[in-house]
Amino acid sequence: MKRNSSRFTNPAPLSLSISQALMASTPPPSDNIVIKPPRDKRSYRVLHLPNGLCAVLIHDPEISPDDGNPPDQTPEDVESNISSNSSGGGGEEEEKMGSKKNRGVSETKKAAVALCVGMGSFSDPIEVPGLAHILEHMLFMGSAEFPDENEYDSYLSKHGGSSNAYTSPESTCYHFQVKHEFLKGALERFSQFFISPLVKLEAMEREILAVDSEFSKDLQNDACRLEQLRCHTAVSSHTFNRFTCGNKKTLVDDASENGINIHEQIMHLYNENYYGSLMKLVVIGGESLDVIEDWVVELFSNVRQGPREQIKSEEAQKEVLSIWKAAQKEVLPIWKAGKLYRLQAVKDVNSLELSWTLPCLYNEYLKKPHRYLSQLMGDEGRGSLYFFLKAKGWITSLCSGVADRSFIAFIYTVTIHLTDSGLEKVYEIIGFVYQYIKLIRQVDPQEWIFKEIQDLANIAFIFAEEQPQAGFAVELAENLLLYPEEHIIYGDYALEVWDEALIKRVLSFLTPENMRGDILSKSIGKHSKDVQYEPWYGSQYTEEDISYSLLELWRDPLEVDSSFHLPLKNEFIPSDFSLHCVNSSNSHANAVLPVCIVDKPLIKLWYKLDDTFKVPRASIYFLITMKGGCDDVKSCLLSCLFGILLEDKLNEIAYQAADAMLHTSLSCDGDQLGLTLYGFSDKILVLLSKILTTAKCFLPAEDRFKVMKEAMERASRNANVNPLSHSSYLRYEVLLEKFWDLDDQFSCLVGLTVADLEAFIPQLLSQLYVEGFCHGNLSEEEALNISDIFSLNFPVQPLPLELRHKDRLLCLTPGAYLVRDASVKNKLEQNSVLELYFQIEPDTGTEPTRTSALVDLFGQIVAEPFFNQLRTKEQLGYRVSCGGSTMCRILGYSFCIQSSEYNPMYLHRRVNKFIDSLKELLEGLDNESFENYRSGLIAEKLEKFTSQSYEASYLWSQIASKRYCFKMWEKEAEELKSISKNDVIDWYNTYLKPTSQKCRRLATHVWGSNTNIMDEETPMKSAKTIENIRSFKMSSEFYPSAC
């Protein structure tokens, strides 16, 4: 697999020297500069403020439906309207909602904003690691204009919004989304982050604990440990050699010992870097561009101009280009040459990561030479490196591409997941990597391969699907730090120039001398005598010198294995982009909801032609129920092995199709096999036919069985290493009728043979029931043909209704208060978890229930106060959340905390205390605030689908759950209009108040290694600990299956 290097997932923004060069004079706002996909209906304007801040303003015509509010109406006006109707059921806002063709009610999208500052953790002083990170946290803690610490989050929560931020090495990004009428109010609060943050001392002390909790939650995370090892072992003078997250030790203990005033350091970092010329702002709203511009000028003009005199934009751009070119002339070594590092893993995993340092390639974004290398190195077809190593039984996956980007360097990485036998062949594997690199050099760059990549990039741009608003705003803000303004959308896709010499130059960096090797495995084996410790995570590792003779051999391999060759031309690249919704004669062409077009004993097929997004894409879903696939633990494991091995067999076809943006997903859960195809519709039927033809005659190969069984065993050993996953496992174990214990699964798995699977498959496929859904750019005739293709490939007996998959959930008895305890699986894991689950009522039938809407509204009101009290104020842990928890169509509500400082019993008590306080909170909620929460939730439920794939996924979820309520969200929104504050209070008193017989609770406690499950604390009053799970379930009743 190649890394998706055309879509920068973590683009690193400007370093300090480049950002200073971008301090530009203020030209007039520019419309129509931004190059956008042809189907993009949004309008863009680039605005430069006198203080140097660059903003992209976006008018989205689909954000504001015709709801009666003028486009420039202020949030205060809207709040006044809502308040004046607070005594009624839905308020003026809801009553004005009209109807739309596709979903029957008024739809809209949220407004979104992102601001990226061209400064990140690389700007931390050496003596204060984590300073940029704690600064990011502090900006949320109130401003001179809005001094309450949770004013910003509370405002967003009341108006259907959310926010987040992150600190990367070279940038810090803040973003939010909110119900569109309240964009200006949110901007008023957001803008003050960058004008007058309070950075109060007492808030700082608490947020340092939040940073420490964030660090602690990842102490046993292999990816974080490996990343930090790479930083720790970088050349001591290099920018990469640092600890970027920070923790209590760096921000309190070490700072105090060294006489450093952290508060002063935070303010100094803020004053040195948070000014207009380093800021890139994106605002997406439904208002006109002129209105959005007025808001931005009004609210962001007071951002400081910066410490240096501004220069003209053209001169700034020339200086940026000169810095880029200078950076490309010389790549400073990041790591010592000729080294292989072995890092002891937390999980049972074997991986090899090979990294090469490249010059910064941001200036070559129109050429993207690394994309060419990724296309070849990450190929999975015949003749590829992956196919060769997989055939030897040494690897299970291979991923290739630029993993890290900065203005210092690009890091090109090949990540290989190894089998146990592959772990013993690491040097041979590296040798074959260099043989394949030699092949690429020998044949010279092929222009036809570049053209193929270019064609696919152009297709992706032309038919780009809309992203969720917040993510889109973040992407553009990041890209303002990387590309010219006109290319902030197009730059990620652009492949305009074929440059053979540049590809050769980038390829020249893939040498043994420039390579760093990292092996991640459970044991560092014979090298343990030379073990070292990474200081921040405490990881054990060894540093191994690669012999000169091996380096010489890899530099110029004696031969290239005859199995290696470049990829063949891709047969799945689409060429027909015509739309079936244009002049369609389908009998169901105008259907606004899915229609059942086939209903036979073997197969039931739903169909909906897309006439909303009008793109040449389609989705095909199948849920195949197989005979006896989960009768017992053995059949469940054999079914899973069947699914994994079938997916493995299909990989060569599926990879080539995915390269052409036609994706396949295959999953197996007990007796249910899920198959999904999504992408350009031109070749989707060809792909489906190939998949079903392969599946019908599939037999497992013994060598692949061995590899996949080993992978399953490893996954079983890794299960529940994460405390949050462990907590969910405990809840499922108690509540699900059919649940196979992990230890029982592993014991059974070890003894399974390929002969067992060969004997099981005919029985498994002897009777089937298939439910499917065709959505998008497919004609009804094509959909019917899909049904025929399936029936022809699997001419088997239909599976009777009584033998089909049924999940049942345990019905907690009236007033039940149960506790399930377990210790962490990883004895070094210090994080504990408390999850308190309340079982509500069945949500059955085809119509949404009033209770379901109440659960969601309660969550809308309670989530922010829960976070503010237990995370922000009490600092119980980094992960603090609550929300609806529906299982098998039984409604529930859960409160969850993960903490490295407190045990589950203490967390349980604090959550109980918070729940007890909710009566006062709910009763004290004024009418205006209640209406804001309610209208925010209504807007969230009526939010437009941003793409065809989102709509298809939602509709399929209704089919797969056997609910078939395709307008569920709209009906829930209607239900919400009649729900009052007293209804929410009654719901709380009924289901969450301990004295109510309908209050039924299950608490799961996962005890961290720094706590003692045997602590003699007073047990929770009236709570009953489940000691024997099997006898408990045998004596319990279960809800009828809703499916």
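At what angle do the axes of helix 7 and helix 10 cross, and within what distance do they come?

**Entry 1: the model**

I noted that this is a predicted model, in which local features need pLDDT of at least 70, side-chain atom pairs count only at pLDDT 80 or more, and totals for chains, interfaces and linings use all residues. Residues are numbered from 1 along each chain as its sequence is written, and side-chain values use heavy atoms, with hydrogens and water left out.

I looked up the chain and found 34 helices and 27 strands. Helices (H or I, at least four residues) and strands (E, at least two) are DSSP runs, numbered from the N terminus. Of the 1043 residues, 59% count as buried. Buried means under 20% relative accessible area, exposed over 50%, and partly exposed in between (1.4 Å probe, protein chains only). I also looked up contacts, meaning heavy atoms within 4.5 Å. Among contacts between residues at least 6 apart in sequence, 83% join residues at least 24 apart.

**Entry 2**

Two packed helices are described by the angle between their axes and the distance between the axes. Axes are lines fitted to C-alpha atoms, for helices over the stretch in contact, and angles run from 0 to 180 degrees between N-to-C directions.

I found helix 4 (residues 131–138) packed against helix 7 (residues 201–217) at about 120°, with the axes 10 Å apart. That makes helix 4 oblique to helix 7. Under 35 degrees counts as roughly parallel, over 145 as roughly antiparallel, 65 to 115 as roughly perpendicular, and the rest as oblique. From helix 4, H133, I134, H137 and M138 meet residues of helix 7 that include A203, M204 and E207. This contact has 7 nonpolar, 2 polar and 2 charged residues. Ala, Val, Leu, Ile, Met, Phe, Trp, Tyr, Cys and Pro count as nonpolar, Asp, Glu, Lys and Arg as charged, and the others, Gly among them, as polar.

**Entry 3: helix 7 and helix 10**

I returned to my opening question. The axes of helix 7 and helix 10 (residues 262–273) cross at roughly 95° and come within 11 Å. The two helices are therefore roughly perpendicular to each other. L201, M204 and I208 of helix 7 make the contact with I262, H263 and I266 of helix 10. By class, I listed 5 nonpolar, 1 polar and no charged residues.

**Entry 4: enclosed helices**

How many residues of helix 6 are buried? I found that 9 of the 9 residues of helix 6 (residues 183–191) are buried, so helix 6 is largely enclosed by the rest of the structure.

In helix 8 (residues 222–232), 8 of the 11 residues are buried, so helix 8 too is largely enclosed by the rest of the structure. The buried ones include D222, C224 and R225. Among the elements covering them are strand 8 (339–344) and strand 9 (351–358).

**Entry 5: helix 17**

I checked the span of helix 17 (residues 447–462): at 1.5 Å a residue, its 16 residues should span 22 Å, and its end C-alpha atoms are 22 Å apart, which agrees. The expected span is 1.5 Å times one less than the number of residues. Its buried residues are covered by elements including helix 13 (369–377), helix 21 and strand 19 (672–680).

**Entry 6: two single residues**

I found A658 in helix 21 (residues 633–659). A658 is partly exposed, with a relative accessible area of 28%.

N718 lies in helix 23 (residues 702–718). N718 is buried, with a relative accessible area of 16%. Not counting residues up to four places away in sequence, N718 touches K347, D348 and K825.
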